[in-house]
Amino acid sequence: MRIFVMTDLEGVAGVLNFAEWTGPGKPYYEVAREFLTLEVNAAVDGFFAGGAAEVLVVDGHGPGESM
């Protein structure tokens, strides 16, 4: 089984609002990135435990430009 996950900072548990959490230079951006990493890693662990052979994670967050 192959799994594709699309994620975004605005959907992460603990991210309280767009204005302070979701972009470079925002007060809680680094915390939000850590929350996202922890949440995605937990999901990926569950996918592999459930029999996935491959997991691809894509972050949909960003201003729409290459970084």
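**View 1. The aromatic cluster of Trp21, Tyr28 and Phe35.** In this predicted model, Trp21, Tyr28 and Phe35 form one aromatic cluster. A search of the whole structure finds two aromatic pairs, where rings of Phe, Tyr and Trp (its six-membered ring) pair if their centres lie within 6.5 Å, and planes under 30 degrees apart count as stacked, over 60 as edge-to-face and the rest as tilted. Residues are numbered from 1 along each chain as its sequence is written, and side-chain values use heavy atoms, with hydrogens and water left out. Local features need pLDDT of at least 70 and side-chain atom pairs count only at pLDDT 80 or more, whereas totals for chains, interfaces and linings use all residues.

**View 2. The pair of tryptophan 21 and tyrosine 28.** The rings of tryptophan 21 and tyrosine 28 are stacked, at 4.8 Å centre to centre with 25 degrees between the planes. Tryptophan 21 is buried, at a relative accessible area of 7%, while tyrosine 28 is partly exposed at 37% (buried means under 20% relative accessible area, exposed over 50%, partly exposed in between, with a 1.4 Å probe and protein chains only).

**View 3. The pair of tryptophan 21 and phenylalanine 35.** Tryptophan 21 also forms a stacked pair with phenylalanine 35, at 6.1 Å centre to centre and 25 degrees between the planes. This pair links distant parts of the chain, 14 residues apart, with tryptophan 21 in helix H1 (residues 18–21) and phenylalanine 35 in helix H2 (residues 29–49); helices (H or I, at least four residues) and strands (E, at least two) are DSSP runs, numbered from the N terminus. Phenylalanine 35 is partly exposed, at 31% relative accessibility.
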